Amino acid sequence: MKVVGALLLCWLTLVIESQGANLDFQKPEAQASEAEASKEACTSENPSTVVISKGNYMVGSVTFKGPCKSPITLHIEGKLKAPVELERLSSQDGWIVFQDIDGLQISGGGTFDGQGSAAWAKNDCRKTGKCNSLPINLRFSSVTNSKMQDITSLNSKLFRINILNCKNLSLQHISINAPANSLNTDGIHIGRSNGVHITDADIKTGDDCVSLGDGSQQISIEKVTCGPGHGISVGSLGRYHDEQPVNGVTVRNCTLKNTMNGVRVKTWPDSPSGVASDMTFEDIIMDNVSNPILIDQKYCPYGIQCRNVHIGNIHLTYTPQGTAFSECTNVRLVVSGRVVPRACFKNT
């Protein structure tokens, strides 16, 4: 392994290269080189780039922590692999963590491989009643004015990408890939963040392709292909006290194929008072989706109606045989255009 530093036109470039088949960043000497490259980039007075060249890299838990003195670009061409054994990860919070950084750019066509297949069987909440704390592939915490594009997240042990307390963050041309039996592996989960934009993503997973937790505001999800998975979800909300409102959510021009759900809003029963508002779902194609549109407030608090729910220009058919139907409870609905099947009407 070699780390090369060069100052060109006031731009610091640090190159990490793999010599041979694999470079093991779990070894102390490799960890020291990686840490030094990250530190040098973060403390540079000029914009800097860390390049991870093509090759395979075994990587333990890594945290890129700011604040940094100038914008940083992480250009990843290789494949980073997490340890298969959980005990070899120092943090259960996240495998690769970006924290307190402004002006972060991640690109290069590389892959983050969580190697999570052995962990999924240990995290079956439905059977055990307990969800184990497993590392998230990529965690963004308090990251602002940043962008990730042309990156693949593969076989995470838990969530693929988790975004918390972020502002003005864009994800573009992202590929997320794992089988349908990868339990509790949301593709992209967003919470307490403002101005997150997801565009041109291909997501295959064993849970929600995209899920929005409390405090998600001004979120746009466009040109996302989802499936297999559980669809695109707002929530679940209302499990905890003092949750923040969800508003300004737009889901547009997306395709859902072979998923459990299409688009849904879900809240816990007996949940504290909260607000989810200004949500738009439009121009969505659904193919072989079990529950295309679902607003579930048993997963309106009892006695409180869902209000200002607008639906229009929907055409759903049941295949291969059967009758599609729409069923509603405790909702004040506004219908426009042609809606098939008839809204809130179930044949008996």
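**Exercise 1. In what order do the strands of the nine-stranded open sheet lie, and which strands stand at the edges?**

Step 1. In this predicted model, the order of the open sheet of nine strands is 6-9-12-14-16-18-20-22-24, with parallel pairing; strands are DSSP runs of E with at least two residues, numbered from the N terminus, and two strands pair if DSSP finds at least two bridges between them.

Step 2. Strand 6 (62-65) and strand 24 (291-296) each have a single partner strand, so one side of each is left without a neighbour in the sheet, and these two stand at the edges.

Step 3. On average, neighbouring strands of this sheet are turned by 15 degrees against each other, direction ignored, where the axes are lines fitted to C-alpha atoms and angles run from 0 to 180 degrees between N-to-C directions.

**Exercise 2. How many bridges join strand 6 to strand 9?**

Strand 6 and strand 9 (residues 94-99) run parallel and are joined by four bridges; within this pairing, T63 has V97 in strand 9 as its bridge partner.

**Exercise 3. Is S107 buried or exposed, and which residues is S107 in contact with?**

Step 1. S107 lies in strand 10 (residues 104-107).

Step 2. S107 has a relative accessible area of 16% and is therefore buried, since buried means under 20% and exposed over 50%, with partly exposed in between (1.4 Å probe, protein chains only).

Step 3. With neighbours within four places in sequence left aside, S107 is in contact (heavy atoms within 4.5 Å) with L74, H75, I76, Q149 and I151.

**Notes.** Residues are numbered from 1 along each chain as its sequence is written. Local features need pLDDT of at least 70, side-chain atom pairs count only at pLDDT 80 or more, totals for chains, interfaces and linings use all residues, and side-chain values use heavy atoms, with hydrogens and water left out.
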